[in-house]
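Open the model in your viewer and have the selection tool ready.

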Amino acid sequence: MWLRFKWISTQLVGEEYSVKVLGLVGSPRKGGNTDLLVSAVLYGAGAGGHEIEKINLYDIDILPCMDCKGCKKGNFQCALKDGMKKLYPKLEEADVLVFGTPLYWYGSTAKMKLMVDRLRPYVASKKLKGKKTMLLVPSEEGADACSCLVCMFELSFKYLEMELSGKLLVQASERAEVKNQPKVLDEAFALGKTLT
Ligand SMILES: Cc1cc2nc3c(=O)[nH]c(=O)nc-3n(C[C@H](O)[C@H](O)[C@H](O)COP(=O)(O)O)c2cc1C
């Protein structure tokens, strides 16, 4: 369910308008570092007047892309029947997609990668074109260890014609360790709040 903190009026048309920000948590640890970072960005976005929603990918059944190429034809829809059926409309509705994943073996978690693989329908339909993205990554080793993961996301966003408008690579290992890093949480909050 989208949560709206307050409305913003567009000065151009005088209509009520707000940005929809969808947070995707790709960690199995609920209340863990990724979860907290995504929540901080969403709280910031909420404080900035935007609509927010957070989805934990581990709550969704996501099958692997089978490369059937069905999404390249007709109405460009994925043929697989799983939890993505509910996630696809949310991805399309959102103006900003916040991707949160812990670093697992220098890449994303397998669950996050399953979801990214399933973005293939959008290569042809271009329904994600122009959306903003954010990338939030906690890891034991910190930012220097995240270059392969960041490269994968940057190239994928570019391919889908989405814009990377902020990233946070945080050193944190123990469960909920970012709670002890108020500067990092403030930074995440500010990233969300300054979204337009
Ligand atoms: C299977 C697995 C692989 C991991 N691989 C790395 C890694 O390559 N580099 C690293 O710095 N941290 C690695 N970590 C540590 C996590 O990135 C780190 O604990 C992170 O804070 C977990 O985030 P979470 O609380 O959101 O799950 C790994 C953890 C697990 C469970």
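Select the ligand first: 18 residues surround it, and the closest are Ser 27, Gly 32, Thr 34, Pro 102 and Glu 141. Here a residue is near a molecule if its C-beta atom, placed from the backbone, lies within 6 Å of it. Colour this shell by class and you get 8 nonpolar, 6 polar and 4 charged residues (Ala, Val, Leu, Ile, Met, Phe, Trp, Tyr, Cys and Pro count as nonpolar, Asp, Glu, Lys and Arg as charged, and the others, Gly among them, as polar).

A word on what you are viewing: this is a predicted model, where local features need pLDDT of at least 70, side-chain atom pairs count only at pLDDT 80 or more, and totals for chains, interfaces and linings use all residues. Residues are numbered from 1 along each chain as its sequence is written.

Next, show the cartoon around the ligand. H1 and strand S7 (132-139) each supply at least two residues of the shell. Helices (H or I, at least four residues) and strands (E, at least two) are DSSP runs, numbered from the N terminus.

Now select H1 (residues 33-47) together with H6 (residues 182-193). Their axes, lines fitted to C-alpha atoms over the stretch in contact, lie 6 Å apart at an angle of about 45°.

The residues here divide into 12 nonpolar, 2 polar and 1 charged.

Finally, zoom out. The protein chain has 6 helices and 8 strands, and its C-alpha trace spans about 50 × 50 × 25 Å along the principal axes.

Key: Axes fitted to C-alpha atoms, helices over the stretch in contact; angles between N-to-C directions.
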